[in-house]
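Subject: Structure handover

Hello,

Here is the structure for your work. Please open it before reading on.

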Amino acid sequence: MKLIVVGAGISGCICARRLLDTGHEVTVVEKGRGVGGRMSTRRMNGAAIDHGAQFFTIRDNRLLGYLQEWRNGDSVVEWYDHVPNRSDLTDHSRFRGVLGMTDPAKHLLRNVKVEKNFFVEFIKWSGGSWTVKEAGTSGRSLQADHLVLTLPVPQMLNLFSRSNFEFKPEVMSNLKNIRYSRCLALYGLLDRVSSIPYPGIITHPTPQVDWLADNQVKGISQKPAFTLHASAKFSDEIWNVPDKDAVLSLVPLVERLMQAKISEWTIHRWHFAKPSVTFGESHFHSPESRLSLAGDSFGGERIENAAISGWEAAESITQVV
Ligand SMILES: Cc1cc2nc3c(=O)[nH]c(=O)nc-3n(C[C@H](O)[C@H](O)[C@H](O)COP(=O)(O)OP(=O)(O)OC[C@H]3O[C@@H](n4cnc5c(N)ncnc54)[C@H](O)[C@@H]3O)c2cc1C
């Protein structure tokens, strides 16, 4: 069967790999320049910075084979399993990409056809196949027997509306209930090695900040570089504030906690950071529409849950073949 998976986040990558491994012809379509979605690594003047997801866990046995493959392929290593003097944080393995959080996605898609810089403008079912169309009159157009969508559901609903597509009302109503929190990420370079000891993180130093990490101590950056994630509440408060004003209280906090000066910074606003209300099932599979939906809107917040969502979507598809 010929399949298109829209979205190269972890759910799309796992789904595509499962489908490829079971003998199907798969193309992944991704609007970004790279793969990984919210598992994103940026370069800044020689530094590598994970500015989205920071680490992942593997508790579900179904993902152990991939973990082994990633480790054997030098894509993933364990980052830490506990934080000194933080007995409130549970002890378990947290993994990271060797060069950054995009590594596991890149590894999964090594043998999968990927169309990057392809923003799906609309989808259409006609004549027994799905058409997936890029924006613009000369935009790319692909056909498939079955379509998998892995975008955060608010973006999926926009795609449905552009495409004049709807599921039956009860499904649409569940999809419309899905909610995401936002996260303002501040990241950049430091003028010297920070003072944060291994593993290089500080969680919830103030009510405004959820996470502060040193990418050099983490092991991915050659240069001192930090990532800060504002809390959902504070992100909402400063969402529409111009960048230079949004960072007014954050820059001194980073400099104080890391004992270093920020030499360069930038902001990324994650509109759909983590789902606060999900669909209630790991994925949605419609054999009659030849359409499946997956991602953390279904599996729940966290990389591992999104991965399992993609896995189970692939299982549902292969079972009906
Ligand atoms: C700031 C932040 C910190 C986080 N920290 C952690 C953490 O430490 N550990 C953890 O486990 N989880 C963390 N998460 C959550 C985790 O990143 C997500 O749950 C997971 O990565 C979601 O994967 P996904 O495949 O469902 O979606 P995504 O990764 O969002 O993938 C969806 C893909 O679809 C693409 N796309 C969207 N629209 C279109 C279109 N029209 N056409 C083509 N492509 C399109 C997007 O570009 C994207 O690549 C964090 C998230 C954020 C934002």
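Predicted model: local features only at pLDDT ≥ 70, side-chain atom pairs only at ≥ 80, totals over all residues.

Residues are numbered from 1 along each chain as its sequence is written.

Domains. The chain is divided into domain 1 (2-35 + 109-178 + 278-320) and domain 2 (180-275), with bounds from an automatic or database domain assignment. Their centres, taken over C-alpha atoms, are separated by 32 Å. The contact takes nine residues from domain 1 and four residues from domain 2 (contact: C-beta atoms, placed from the backbone, within 7 Å).

Ligand. Of the 39 residues around the ligand, G7, G9, G37, A53 and G295 come nearest (near: C-beta atom, placed from the backbone, within 6 Å). Each of domain 1 and domain 2 gives the shell at least three residues.

Helix α9 (250-258). Its buried residues are L250, V254 and M258 (buried: 20 or more other C-beta atoms within 10 Å of its own; exposed: 12 or fewer; partly exposed in between; C-beta atoms placed from the backbone). Seen down the axis of α9, these fall within an arc of 50°, so they line one face of the helix (arc: that of the directions from the helix axis to the C-beta atoms). They pack against β12, β14, β15 and β16. The face turned away from the buried side carries exposed P252 and R256. Helices (H or I, at least four residues) and strands (E, at least two) are DSSP runs, numbered from the N terminus. Just after α9, Q259 takes a positive phi of about 55°.

Best wishes

Notes. Contact = placed C-beta atoms within 7 Å.
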